[in-house]
Amino acid sequence: MADHYEVLGVSRDASAEEIKRAYRKLARKLHPDVNPDPDAANQFKDVTRAYEVLSDEDKRRNYDATGHENGTGGMGGFGGGDFGGFQDIFETFFGGGGGGGMGGGRGPASRTRRGQDALITVRIDLVDAVFGVDKTIEVDTAVVCPECNGSCCQPGTHPETCTICHGQGAVRRPVRSILGTVMAAETCSACQGFGTVIPDPCRECSGQGRVRDRASMTLKIPAGVATGTRIQLAGRGESGPGGGPHGDLYVEIDVRPHDVFTREGDDLLATMSVPMTAAALGTTLTLDTFDGEQPVPVREGTQSGEVQVLKGLGVGRLRGSGRGDLKVTLRVETPTRLDDEQRRLLEELAVARGEETVHGTTEHRGLFSKLRDNFKHL
């Protein structure tokens, strides 16, 4: 970036008044009403940026110390000085009033604009996230007006050139500035900067070129989506004003909880209860999965909390091929209600396994406990 002092043509110890005079001289020379050079606008911005920094004591001090503008970017308001900021001066020379967003020298604004993006939420079941699904959705949106086909005019009519700005979209008026009286461009209030007026707006869309409607479409939801996943449908958002292009539609996925399975990444998790006797003896249980009934082996002596992994029965991978696994946690159930016969059989089992029941607690009689009892009787 060029040195601000060099841009204004002043020395580094120039006074505030010298800097102001240099800026006024260059601004009068470079503004487009005087200088037809295509590069004049860029030069004028450089000059104004330099003045904006050097006319402010704090900014000038930082610039002298570091060579940088301390994040000002040169586009803020003037810190010192007794006149308006850069934005006001720039708009005076190059236009830029409100309304249709049109400025002098840039031509009339277009009525045709891109439509807004839209976001909706779609709820699906966990099985749809596992395998993917095609889902029909309905969206309240803006579509091209079927009556005028986006022209904004009643059929058989057309826009007419604005008689105030003569199709330019802007009018010029004299204003006073630091450069003297200059001609400033501002948006034409009669046509709102479009350069044309619509004498007979379409009665169906009130001259907007679009109407509200309910659109139906098919959404392809891939396997592996999760709550919060967003799917972009390009060009399926709202139609733009004046028959402009559609925006995009974003669909956010919300997966309903499942009664049996939970999800952890690409894996599915489930818990199965195993009777105490089945866990001790070993067996095979059956689990109803998204892939149908599947056998779950329970090895002899299974402890509560052990996990059996069923490969490839999890969630389809969103980015990649294949599926995760189904992990089944086995929870061994201890009986809580025993009849007399069941209690007798368990007591016999405890004796056969070298276990004793003392005051309601079961103690395993190991080698060291038996040796201890023998010493007590010596």
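**Exercise 1. Determine where Gln 154 lies in this predicted model and which residues surround it.**

Solution. Step 1 is the location: Gln 154 belongs to the loop between strand 2 (133-144) and strand 3 (160-161).

The relative accessibility of Gln 154 is 11%. Since buried means under 20%, Gln 154 counts as buried.

Step 3 is the surroundings. Leaving aside residues up to four places away in sequence, Gln 154 touches Glu 147, Asp 200, Pro 201, Cys 202 and Arg 203. For Arg 203 there is also a polar detail: the side chain of Gln 154 reaches the backbone nitrogen of Arg 203 at 3.0 Å.

**Exercise 2. Classify the aromatic pair of Tyr 23 and Tyr 51, and the pair of Phe 261 and Phe 290, and state which parts of the chain each one connects.**

Solution. Step 1 is the count: the structure holds three aromatic pairs. Two of the pairs are treated here.

Step 2 is the pair of Tyr 23 and Tyr 51, with 4.5 Å centre to centre and 15° between the planes. Planes under 30 degrees apart count as stacked, and this pair is stacked accordingly. Tyr 23 lies in helix 2 and Tyr 51 in helix 3 (residues 40-54), so the pair ties together parts that are 28 residues apart in sequence. Tyr 23 is buried at 0% relative accessibility, and Tyr 51 is buried at 2%.

Step 3 is the pair of Phe 261 and Phe 290, which is tilted, with 5.1 Å centre to centre and 45° between the planes. Phe 261 sits in the loop between strand 9 (249-255) and strand 10 (262-264), and Phe 290 in the loop between strand 12 (283-289) and strand 13 (292-298), so this pair ties together parts that are 29 residues apart in sequence. At 4% relative accessibility, Phe 261 counts as buried.

Step 4 concerns the strands that flank Phe 290. Strand 12 and strand 13 run antiparallel and are joined by seven bridges. A hairpin through two residues connects strand 12 to strand 13. Leu 287 stands opposite Gln 294 in strand 13.

**Exercise 3. Identify the two faces of helix 4 (residues 57-66), its packing partners and the features at its ends.**

Solution. Step 1 is the buried side, formed by Lys 59, Arg 60 and Tyr 63. These residues cover an arc of only 100° around the axis, which puts them on the same side of helix 4.

Step 2 is the packing: the buried residues of helix 4 pack against helix 1 (4-8), helix 2 and helix 3.

Step 3 is the face turned away from the buried side, which carries the exposed residues Glu 57, Arg 61 and Ala 65.

Step 4 is the two ends. The N-terminal end of helix 4 is capped by Asp 56, with a side-chain oxygen 3.0 Å from the backbone nitrogen of Asp 58. After helix 4 comes Gly 67, with a positive phi near 80°.

**Exercise 4. Assign the faces of strand 9 and its pairing with strand 1 (residues 118-124) and strand 8 (residues 230-233).**

Solution. Step 1 is the faces. The covered face of strand 9 consists of Leu 249, Val 251, Ile 253 and Val 255, while Tyr 250, Glu 252 and Asp 254 form the uncovered one. In a regular strand the side chains alternate between the two faces of the sheet.

Step 2 is strand 1, which runs parallel to strand 9 and is joined to it by seven bridges. The bridge partner of Arg 123 is Asp 254 in strand 9.

Step 3 is strand 8, which runs antiparallel to strand 9 with four bridges. Here Leu 233 has Leu 249 as its bridge partner in strand 9.

Notes. Residues numbered from 1 in each chain as written. Predicted model: local features only at pLDDT ≥ 70, side-chain atom pairs only at ≥ 80, totals over all residues. Heavy atoms only, no water. Phe/Tyr/Trp six-rings, centres within 6.5 Å; stacked < 30°, edge-to-face > 60°. Buried < 20%, exposed > 50% of the residue type's maximum accessible area, 1.4 Å probe, protein only. Polar contact = N/O pair within 3.5 Å; in protein donor to acceptor, adjacent residues only side chain to side chain. Contact = heavy atoms within 4.5 Å. Pairing = 2+ DSSP bridges. Arc of directions from axis to C-beta.
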